[in-house]
Amino acid sequence: MKMVFLGPPGAGKGTMAVRVAEEAGIPHISTGDIFRFNIKNQTELGTRVKAILDSGELVPDSLTIELVQDRISKDDAQSGFILDGFPRTIPQADALSSMTTLDRVINFELNDEEVVRRLSGRRVHPGSGRTYHVLFSPPRVEGKDDATGEDLVQREDDKEDAIKNRLRVYREQTEPLIQYYRSRDMLVDLDSSPAPDTVYAALKALLNL
Ligand code: AMP
């Protein structure tokens, strides 16, 4: 099944995509993860996009589209995939529709207040990518990774100013995609405010998994 997970930052798209991808045996393709991987490894792409990611703005369409085209043409994506964080603009959605035919777009719904609450409490272990939340999923020792004891950090784009910017960018540039896909009869809404296991159960039912 070829799917897009759409929704504001912090709605849990990534967490759910990891679980569905494993259950369905299809790749989870997160453009944000691809950019962060390149930044961490100081590639040419990483150097180009670091300041953009830190500020919460969007990477230019042409660059992002090329990256996704390349990724979904790989063998492992032929029978299906989950796109998480792409498309984020109308030109990206148009480009995607000329590359492939999607089966479903899931619209993860979450209000702004909850987005800020979730993102501002998020902490990451840089070495492994393990994530915690200061309120909802705290580490055993404050500020330290459970497995290694190493320091946890806050993503630059999870700081308050960047969160506000990401939300503004989402509302202005990405939210129009809800109407775009709804009018094509491809969209299914999913309330993302409950606890992760509840959201996952609803999602599995939607996808007949
Ligand atoms: P995410 O992890 O999906 O929240 O993405 C983190 C950041 O990566 C975003 O704030 C953008 O700077 C960049 N990014 C990810 N996906 C896209 C996309 N489809 N188009 C443009 N920029 C993107």
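Which are the buried residues of helix 4? Point 2 takes this up, after a word on the basis of the note.

1. Basis of the note. This is a predicted model, in which local features need pLDDT of at least 70 and side-chain atom pairs count only at pLDDT 80 or more, whereas totals for chains, interfaces and linings use all residues. Residues are numbered from 1 along each chain as its sequence is written, and side-chain values use heavy atoms, with hydrogens and water left out. Helices (H or I, at least four residues) and strands (E, at least two) are DSSP runs, numbered from the N terminus.

2. Helix 4. The buried residues of helix 4 are L63, T64, I65, L67, V68 and I72; buried means under 20% relative accessible area, exposed over 50%, and partly exposed in between (1.4 Å probe, protein chains only). These buried residues pack against strand 2 (28-30), helix 2 (31-40), helix 3 (44-55), strand 3 (81-84) and helix 5 (90-99), where contact means heavy atoms within 4.5 Å. Helix 4 covers residues 61-72, twelve in number, and reaches 16 Å from its first C-alpha to its last, close to the 16 Å expected at 1.5 Å a residue. The expected span is 1.5 Å times one less than the number of residues in the helix.

3. Strand pairing. Two strands are taken to pair if DSSP finds at least two bridges between them. Strand 2 and strand 3 pair in the parallel sense over three bridges, and I29 stands opposite L83 in strand 3. Strand 1 (residues 2-6) is joined to strand 3 by four bridges, again with the strands running parallel. Four bridges also join strand 1 to strand 4 (residues 104-109), likewise parallel. M3 takes part in both of these pairings: I82 is opposite M3 in strand 3, and R104 is the bridge partner of M3 in strand 4. Strand 4 in turn runs parallel to strand 7 (residues 187-191), with five bridges between them; here F108 stands opposite L190.

4. Faces of strand 3. In a regular strand the side chains alternate between the two faces of the sheet. Strand 3 is covered on both faces, with F81 and L83 buried on one side and I82 and D84 buried on the other.

5. Salt bridges within helices. A search of the whole structure finds 21 salt bridges, each defined as a side-chain nitrogen of Lys or Arg within 4 Å of a carboxyl oxygen of Asp or Glu. In helix 3, K50 and D54 lie four residues apart, about one turn of the helix, and their closest N and O atoms are 2.6 Å apart. K50 is partly exposed at a relative accessible area of 40%, and D54 is partly exposed at 27%. Helix 6 (residues 112-120) holds R118 and E114, also four residues apart, whose side chains meet in a salt bridge at 3.3 Å, N to O. Both R118 and E114 are buried.

6. E156 and K159 form a salt bridge at 3.4 Å, N to O. E156 is partly exposed at 40% relative accessibility, as is K159 at 35%. Salt bridges that share partners join R122, R155, D157, D158 and R166 into one network.

7. Is S192 buried or exposed? S192 lies in the loop between strand 7 and helix 9 (196-207) and is buried, with a relative accessible area of 1%. Not counting residues up to four places away in sequence, S192 touches A11, F108, E109, L110, R118 and V199.

8. R19. R19 is found in helix 1 (residues 13-24) and counts as partly exposed because its relative accessibility is 31%. Beyond its neighbours within four places in sequence, R19 is in contact with P196, D197 and Y200. The C-alpha atoms of R19 and K204 are separated by 9.9 Å, although these residues are 185 apart along the chain.

9. Surface patch. V134, L135 and F136 make a nonpolar surface patch of about 300 Å². Patches are made of residues with over 30% relative accessible area and no salt bridge, like charges being joined within 9 Å and nonpolar side chains (Val, Leu, Ile, Met, Phe, Trp, Tyr) within 5 Å. Accessible areas come from the Shrake-Rupley method with a 1.4 Å probe, and for residues only the protein chains shown count as cover. L135 is placed in the loop between strand 6 (131-133) and helix 7 (160-174), and counts as exposed because its relative accessibility is 57%.
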